[in-house]
Amino acid sequence: MSARLPNPQRAKIHRNYDVEEAARICGVHRNTVRQWIKQGLPVCDDRRPMIVLGPELRAFLQAKRTRNKCPCGPGRIYCMRCRTPKVPAGNMTDYLPSTSTGGTLAAICPDCGSMMYRRVSLAKLASIRGELDITMTQAHSRIGESAQPFVNSDYKQEHQL
Ligand SMILES: [Zn+2]
């Protein structure tokens, strides 16, 4: 998906482009550029033909790339409140097993302080951990004296207090 997006570096920051030129340097159809404009790519609308500033085009493509990345890229956990994947504060992450093959990563959002959760299978943990400093917790130690089986919602409650 992101592979189809042009390299933002193709937009020279000291140049301006009309739709035609922007399409050419990006290797996309003119209609794609018109779509970008509808999506918020700024243009100088007092000029005809419409002119896109090089730096704006570059920034737009960069933002688009970031958005198109899987929100679950390595080392990141999606923050529901910020609505964006975040690198946890201090990279500190707990792995909370829920079954023998998978569980949940829990970490704190560095920006809003919310708990962030990401379900993972143990098999994929290595490929998604990135720079995360993962503490493998034991389900039993979290339950304490309770005989209840460990479930994710227990953990959330515990941390929202
Ligand atoms: Zn957040």
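Is Phe-60 buried or exposed, and what is its relative accessible area? In this predicted model, for which local features require pLDDT of at least 70, side-chain atom pairs count only at pLDDT 80 or more, and totals for chains, interfaces and linings use all residues, Phe-60 is buried, with a relative accessible area of 10%, where buried denotes under 20% relative accessible area, exposed over 50% and partly exposed the range in between, with a 1.4 Å probe and protein chains only. Residues are numbered from 1 along each chain as its sequence is written, and side-chain values use heavy atoms, with hydrogens and water left out.

The chain comprises six helices and eight strands, taken as DSSP runs (H or I of at least four residues for helices, E of at least two for strands) numbered from the N terminus. Of its 161 residues, 34% are buried.

In helix H2, which spans residues 30-39, the buried residues are Val-33, Trp-36 and Ile-37. These cover an arc of only 100° around the axis, which puts them on the same side of H2, the arc being that of the directions from the helix axis to the C-beta atoms. Gly-40, with a positive phi near 125°, follows H2.

The ring centres of Trp-36 and Phe-60 lie 6.1 Å apart with their planes at 50°, so the pair is tilted; for rings of Phe, Tyr and Trp (its six-membered ring), pairing requires centres within 6.5 Å, and planes under 30 degrees apart count as stacked, over 60 as edge-to-face and the rest as tilted. The pair links distant parts of the chain, Trp-36 in helix H2 and Phe-60 in helix H3 (residues 54-68), 24 residues apart. Trp-36 is buried, with a relative accessible area of 3%.
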